[in-house]
Each structure stands twice: as C-alpha cells, then as structure tokens.
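Okay, thanks for coming, everyone. Let me put the structure up and then walk you through the parts I looked into.

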Amino acid sequence: MDFAFDARTEQLREQLLAFMESHIYPAEPVFTEQLAQRDDPWTSVPVVEELKAEARKRGLWNFFLPGEHGSGLTNLQYAPLAEITGRSPHLAPVALNCAAPDTGNMEVLAMFGTEQQRKEWLRPLLDGEIRSAFAMTEPDVASSDARNIATRIERDGDSYVINGRKWYISGAMNPDCRIFIVMGKTDPDAEPHRQQSMVLVPRDTPGMTVRRGMHVFGYTDGDHGGHAEVVFDDVRVPAENLIGEEGGGFGIAQARLGPGRIHHCMRLIGMAERAIELMCRRATSRVAFGKPLADQGVVQDWIAEARVRVEQLRLLVLKTAWLMDTVGNRGAHTEIQAIKIATPAAVEWILDKAIQTHGAGGVSQDFPLAELWAAARMLRLADGPDEVHKQSLARRELKRYR
Ligand SMILES: Cc1cc2nc3c(=O)[nH]c(=O)nc-3n(C[C@H](O)[C@H](O)[C@H](O)COP(=O)(O)OP(=O)(O)OC[C@H]3O[C@@H](n4cnc5c(N)ncnc54)[C@H](O)[C@@H]3O)c2cc1C
C-alpha cells in the first residue's frame with residue numbers, strides 16, 4: 001500500500017497551490033466587494049470570469065471529469081485537488097469549472113446524452129460558457145425518497161409536457177443557468193424504480209417560472225446562483241430532450257449522485273483544513289485571563305480532535321476514490337455512503353469549534369466560518385439526508401447475517 005500521490009497529482013497540486021496563493025485568496029475580498037455592489041443579487045461577478053480565464057490558461061480545468069470528455073484524471077488524482085479548492089469553496093471550484101451542480105450535470109450528459117445533446121449543452125458547459133441546474137426535489141413530497149417525485153412528464157406527439165413544482169434547485173437563480181435537467185414521472189403505473197425519466201428543459205421555455213430564491217440559514221447563496229423554487233406549467237419540450245430512455249430517470253439519478261457526493265466530501269476536507277488553520281491562528285493571537293487561548297486545555301483538545309478527525313476522513317475519502325476507480329461507482333457504494341455520513345457531520349463539528357474559538361468574530365461576516373458552517377450543515381441534507389444513507393448502509397451490512 002502506497003500513501004503517496006503519483007507524479008501527475010503532485011505536479012497539479014503544486015500548480016493549484018500556486019494559483020490559490022497568487023489568484024484565489026487575493027480575489028476573495030474583491031469577490032465580496034463585487035457581490036455587494038451588483039444590481040442583480042443572482043448574477044455572476046467579473047472576478048469569477050477573470051479567475052476562470054486564468055485557470056483555463058494554466059490548464060487547471062475540468063479536473064472532475066474522468067474519461068474522454070474531461071481532463072482524464074482518476075477520482076484518486078482529483079481528490080487532493082478538490083480538497084485544495086475546498087479551502088475557498090465559493091471561488092476555487094467555479095474558477096476551475098469544477099463546481100456543483102454543473103459537474104453532476106456534465107457527468108449525466110457525458111454518460112447518457114445523445115450526440116446532439118452533448119453538442120448543444122455539454123460542450124458549452126465544459127467550456128464554462130453557461131451554467132446548469134438539476135431539478136429533482138419537490139416541496140410537496142418527501143423527496144429523499146426519489147420514488148415520491150410527483151412532477152409529471154407526459155408524452156404528447158413529438159413533445160413531452162411537464163407539470164410540477166420544484167425547490168432548492170441550486171444555481172437556478174443565476175441567468176447564466178441556461179439548462180435544467182428535470183426529473184419527473186412518465187409512467188406512474190410502472191414498477192417504482194421505472195416510473196421516472198429525465199428531460200432537458202432550456203431556461204425561458206414557455207410555462208417555466210423561476211419563482212424565488214430559497215435561503216440556507218438566511219444566506220441566499222447568490223454568489224453561486226442561489227437555490228430556486230421553479231414551477232413547470234404545461235412546459236413543452238421536444239421528445240429528443242429525453243435523457244437516456246423513458247423509465248431510466250431513477251438509475252441516472254443514482255449514477256449522478258455517487259461522484260457528486262465524493263466531490264462534496266473532498267471539498268469539505270479542504271474547508272476543515274482552513275477552519276483548523278484559522279482556529280490555530282486565532283488561538284495563538286488572543287489572550288484571555290492572562291494566557292493565549294492556545295494554552296487553554298479545552299482549545300487544545302478541539303485542535304487535536306479536529307486534526308484526528310480530518311486525517312481519518314481523508315483516508316476514507318481517498319479509499320473511496322480508489323475504489324470508484326478500480327471497482328466502479330456501484331462497487332464503492334458502501335464507502336460513498338460512509339463518507340457522505342461521516343464528512344459533513346465531522347466538518348460541521350470542526351467549524352463549530354473554530355467559531356467558538358473566534359468568539360463573536362466566528363459568527364460574523366469578517367471570517368468565512370459562519371458561512372462554511374452553513375454549507376457543511378446543509379450537506380447533511382442535500383444529496384440525501386444522513387438517515388437515508390445510514391438506513392441503506394445498515395441494510396446492506398445486515399444482509400450478510402439474515
Ligand atoms: C442548499 C440545498 C441545495 C439543494 N440543491 C438541490 C438541487 O440542486 N436539486 C435538487 O433536486 N435538490 C436539491 N436539494 C434538496 C435535497 O436534495 C433534499 O432536501 C433532500 O434530498 C431531502 O429531501 P426533502 O427535503 O424532501 O426531505 P424529506 O424527504 O422530507 O426528509 C426529511 C427528513 O426525514 C428524515 N428521513 C427521511 N427518510 C428517512 C429514513 N429512511 N430514515 C430515517 N429518517 C428519514 C430525515 O431526517 C430527513 O432529513 C438541496 C437542498 C439544500 C438544503
């Protein structure tokens with residue numbers, strides 16, 4: 001067993017770390033300022049486009065996508081790079097064209113799209129020219145059970161007609177989000193896993209309304225396009241907008257979520273590393289009751305615990321990435337669920353301690369900790385709540401004994 005990164009990964013890590021120092025971290029205050037100045041709270045800001053151009057010029061582009069359409073990295077090679085981008089989660093992933101939900105949508109188009117769909121939508125997404133959204137969750141049904149999805153996608157001649165209401169559709173408030181992958185039921189009478197299909201719905205198709213941006217603990221997440229409520233009222237798209245086959249939507253959703261989950265976990269580890277760094281800097285620079293905070297046993301306990309938890313998580317994430325590369329996403333199912341259960345919760349804990357160490361500053365807008373905490377906390381819901389992953393993992397474990 002070899003715990004070292006290979007030569008290509010090391011080289012890309014060095015390039016990426018240099019880009020973080022020279023461009024990403026200095027752009028963070030500029031980004032905040034530009035966000036505050038824009039007229040439309042959901043649009044992209046110029047500094048993001050500048051970073052994208054620079055990253056692409058340096059070859060730091062589309063790392064997330066294995067195979068012919070992407071940069072050709074394995075999951076194991078991508079993992080440490082995604083971790084680095086997680087240190088600045090609002091800027092670095094999008095600068096490298098490695099941000100959710102576009103990554104998952106590009107994977108779907110690369111895996112299941114027709115040649116025409118790839119040309120029309122995958123190409124501009126790979127080039128970072130447009131953004132995209134994935135519309136599955138609905139306010140009116142428990143959407144953690146995808147079989148409940150009630151939006152109707154009905155065949156009518158050469159078209160599909162869509163009716164339903166979705167919410168928390170990430171990225172959808174951003175006008176650059178040009179294409180939606182929408183999941184709904186084409187055949188409510190089929191067996192439960194064959195009722196759903198996915199269709200491509202271009203923004204501004206008549207009948208489609210992006211109604212409002214949903215908040216996450218009060219944050220709009222407008223910096224990366226927000227999370228929209230979207231209504232489909234007799235929305236008509238050509239039949240060739242179907243992705244894959246009718247009844248294949250559930251399977252596509254499963255295929256999409258595996259890589260998406262590990263990418264979130266990789267970035268979360270980078271967020272945790274940043275939190276530990278901030279915690280240590282703060283603890284060594286503030287004095288209370290006659291000694292630095294860093295000399296308080298309780299703070300040392302938090303720092304030690306944080307380091308132990310991050311090291312454990314990283315090993316599990318890397319093992320999962322290696323399994324995805326060697327036995328496939330299906331073979332790595334248990335491990336993908338394990339990291340999706342373990343990582344957001346552990347990183348949430350670490351961020352909580354970093355916030356506590358910062359006192360009032362920890363919950364303020366002057367440090368990134370409060371917003372990072374909100375991001376970690378919401379990832380215990382998004383891409384499947386903890387409880388659903390635990391139930392499924394436990395069932396597989398129990399199967400061996402039944
Ligand atoms: C910030 C954010 C961004 C999101 N982005 C997107 C997006 O881009 N596209 C999209 O389609 N969706 C998105 N989602 C939605 C997300 O995927 C769903 O919220 C999630 O799947 C849960 O569905 P639900 O909200 O309907 O919860 P429900 O299904 O109503 O579940 C509520 C709770 O019930 C409990 N529960 C459910 N099943 C079980 C079980 N088997 N055992 C024990 N307890 C259980 C869990 O505690 C769960 O949290 C996003 C969510 C957030 C918060």
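So, to start: which residues does Phe63 touch, not counting residues up to four places away in sequence? They are Leu12, Ser71, Leu73, Tyr78, Leu81, Leu96 and Cys98, where contact means heavy atoms within 4.5 Å.

Quick ground rules. This is a predicted model, with local features needing pLDDT of at least 70 and side-chain atom pairs counting only at pLDDT 80 or more, while totals for chains, interfaces and linings use all residues. Numbering runs from 1 along each chain as its sequence is written, and side-chain values use heavy atoms, with hydrogens and water left out.

Back to Phe63. Together with Leu96, Phe63 touches the most other members of the largest nonpolar core, which has 89 residues. By nonpolar core I mean a set of buried Ala, Val, Leu, Ile, Met, Phe, Trp, Tyr and Cys residues joined through side-chain atoms within 4.5 Å. Buried is under 20% relative accessible area, exposed is over 50%, and partly exposed is in between, using a 1.4 Å probe and protein chains only. Helix H7, residues 249-285, gives the most to this core, namely 15 residues. Helices here are DSSP runs of H or I with at least four residues, strands are E runs of at least two, and both are numbered from the N terminus. Apart from that core lies another one of 22 residues, including Ala172, Phe180, Val230 and Val237.

Now the record. UniProt, in an unreviewed entry, has "Acyl-CoA oxidase/dehydrogenase middle" at residues 133-235; positions are in the numbering used here, feature names are shortened, and annotations may be inferred rather than shown by experiment. In the model that span is 0% helix and 50% strand, with its end C-alpha atoms 16 Å apart. The unreviewed entry also places an "Acyl-CoA dehydrogenase/oxidase N-terminal" domain at 9-129, and there the chain is 65% helix and 0% strand. The C-terminal domain annotation covers 247-396, a stretch with 79% helix and 3% strand.

Next, helix H5, residues 102-112, where Thr103 sits. Is Thr103 buried or exposed? Thr103 counts as buried, because its relative accessibility is 3%. Leaving aside neighbours within four places in sequence, Thr103 is in contact with Phe64, Asn97, Cys98 and His263. As for H5 itself, nine of its 11 residues are buried. What covers those buried residues includes helix H6 (115-126), strand E1 (131-135), strand E4 (177-185) and H7.

Last topic, the voids. On a 1 Å grid over the protein atoms alone, a cavity is a set of points where a 1.4 Å probe fits but cannot get out; a pocket is an open set with protein on both sides within 12 Å along at least five of seven lines; and lining residues have an atom within 4 Å of a point. Points are joined across faces, edges and corners, and a volume is the space filled by probe spheres set on them.

There's one cavity of 30 Å³ or more. The largest cavity has a volume of about 50 Å³, and its lining includes Asn97, Cys98, Asp102 and Met106.

The second largest pocket comes in at about 710 Å³. It has 28 lining residues, with Thr32, His90, Gln365, Pro368 and Glu371 nearest its centre. Helix H1 supplies the largest share of that lining, seven residues.
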